[in-house]
Protein chains: 2
Amino acid sequence: MSNKKLYRGSLSTIILKLLGDNGRMYGYEITQRVKELTKGELKITEGALYPSLHKLEAEGHLQVEFEQVNNRMRKYYSLTEDGTKEVVNKLLEMEMFLQTMQGLLQPPLSSTTEFIP
Amino acid sequence: MSNKKLYRGSLSTIILKLLGDNGRMYGYEITQRVKELTKGELKITEGALYPSLHKLEAEGHLQVEFEQVNNRMRKYYSLTEDGTKEVVNKLLEMEMFLQTMQGLLQPPLSSTTEFIP
DNA sequence: TGCAATACCTAAAAACATTAGGTATATTAC
DNA sequence: GTAATATACCTAATGTTTTTAGGTATTGCA
């Protein structure tokens with residue numbers, strides 16, 4: 001990911017979610033889709049993406065199909081049965097995290113209870 | 001942090017925000033406060049906290065005061081002028097991140113536009 | 001013809017957290 | 001009274017994930 005370092009740890013969740021939504025995707029496609037969806041906010045670097053895909057595959061969450069398109073090879077990834085369960089876990093985990101974070105970082109009471117007539 | 005690995009990268013933001021809200025805190029206090037505020041969801045480990053505090057201090061965001069309480073030393077941290085600016089940046093960055101993440105991971109259109117009569 | 005885009009990949013380094021220790025005092029429980 | 005828990009600081013080795021910085025090769029556009 002090129003942007004800030006906050007995205008650390010969330011890459012596999014993003015990959016799994018996208019594959020859950022789209023059925024199957026190839027690596028390069030994932031980088032482009034994320035750029036689109038986040039309006040350029042988040043740019044996944046290939047140095048992070050490919051190792052992450054390989055790890056998810058090794059863990060049994062993803063399966064691979066090769067396809068030749070325009071004389072260029074594409075490696076399509078899709079969720080395994082196990083991967084489908086993993087998406088649910090990861091998304092719940094992420095929701096929990098986002099909530100916890102919002103709770104922690106929202107303005108303190110002293111400033112939210114101010115009365116401005 | 002004990003929980004999952006999602007918190008990676010957000011520790012310094014949490015520290016700065018807490019110090020912004022509370023004026024000054026010592027390390028151990030920070031771990032306890034975070035545990036309270038997140039109802040046990042997030043447990044900052046000391047192995048993560050202390051190096052992070054030292055780094056923020058080295059970067060000029062925090063300043064230190066020692067105090068002896070009950071025969072035990074406390075190292076109180078507070079924001080420097082520079083640190084006060086940094087809190088704002090970090091919080092904006094984090095808000096951006098949370099929004100981006102929510103946008104990315106919310107249910108896809110195909111499932112939200114379903115019509116159930 | 002040369003550069004950007006598409007498409008895959010890896011290895012070294014950096015960043016950050018976990019794990020697992022260490023020191024020391026105070027308080028609570030048995 | 002003594003052992004465990006809480007308070008309070010710290011570090012070093014390890015592990016995970018990301019960045020940085022390359023590499024290969026084809027296609028399409030200027």
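**Note on a predicted two-chain model**

1. Of the 54 residues that make up the largest nonpolar core, those touching the most other members are Ile15(A), Ile30(A), Leu62(A), Ile15(B), Ile30(B) and Leu62(B). It should be kept in mind throughout that the model is predicted. As general background, nonpolar side chains tend to be buried together in soluble globular proteins.

2. Leaving aside residues up to four places away in sequence, Ile15(A) touches Ile30(A), Leu49(A), Ser52(A), Leu53(A), Leu56(A) and Leu62(A).

3. The relation between the chains deserves attention. Chain B is superposed on chain A by a rotation of 180° with 0.0 Å of shift along the axis, and the RMSD is 0.1 Å. That is the relation of a two-fold axis. Among the residues of chain B, Arg8(B) comes closest to this rotation axis, its C-alpha lying at 2.9 Å.

4. Through which surface do the copies meet? Of the interface residues of chain B, 97% are also interface residues in chain A, so the copies meet through the same surface.

5. Over all chains, the structure holds four aromatic pairs. One of them joins Tyr26(A) and Tyr76(A): the ring centres are 5.3 Å apart and the planes stand at 80°, so the pair is edge-to-face. Planes over 60 degrees apart count as edge-to-face. Tyr26(A) belongs to strand 1 (residues 24-26) of chain A and Tyr76(A) to strand 3 (residues 72-79) of chain A, so the pair ties together parts that are 50 residues apart in sequence.

6. Are these two tyrosines of chain A buried or exposed? Tyr26(A) has a relative accessibility of 17% and counts as buried. Tyr76(A), at 9%, also counts as buried. The reason is that buried means under 20% relative accessible area.

7. Chain B has a pair of its own. The rings of Tyr26(B) and Tyr76(B) have centres 5.2 Å apart and planes at 80°, so this pair is edge-to-face. It links distant parts of the chain, with Tyr26(B) in strand 1 (residues 24-26) of chain B and Tyr76(B) in strand 3 (residues 72-79) of chain B, 50 residues apart. Tyr26(B) and Tyr76(B) are both buried.

8. An arginine is also found at Tyr76 in each chain. In chain A, the charged end of Arg24(A) sits over the ring of Tyr76(A), 3.7 Å from the ring centre. In chain B, the charged end of Arg24(B) sits over the ring of Tyr76(B), 3.7 Å from its centre.

Notes. Residues are numbered from 1 along each chain as its sequence is written. Chains are lettered from A and ligands numbered from 1 in the order in which they are written. This is a predicted model: local features need pLDDT of at least 70, side-chain atom pairs count only at pLDDT 80 or more; totals for chains, interfaces and linings use all residues. Side-chain values use heavy atoms; hydrogens and water are left out. Copies are superposed by least squares on the C-alpha atoms of residues with pLDDT of at least 70 in both. Contact means heavy atoms within 4.5 Å. Rings of Phe, Tyr and Trp (its six-membered ring) pair if their centres lie within 6.5 Å; planes under 30 degrees apart count as stacked, over 60 as edge-to-face and the rest as tilted. Helices (H or I, at least four residues) and strands (E, at least two) are DSSP runs, numbered from the N terminus. Buried means under 20% relative accessible area, exposed over 50%, partly exposed in between (1.4 Å probe, protein chains only). A charge sits over a ring if NZ of Lys or CZ of Arg is within 6 Å of the ring centre and within 35 degrees of the ring normal. A nonpolar core is a set of buried Ala, Val, Leu, Ile, Met, Phe, Trp, Tyr and Cys residues joined through side-chain atoms within 4.5 Å.
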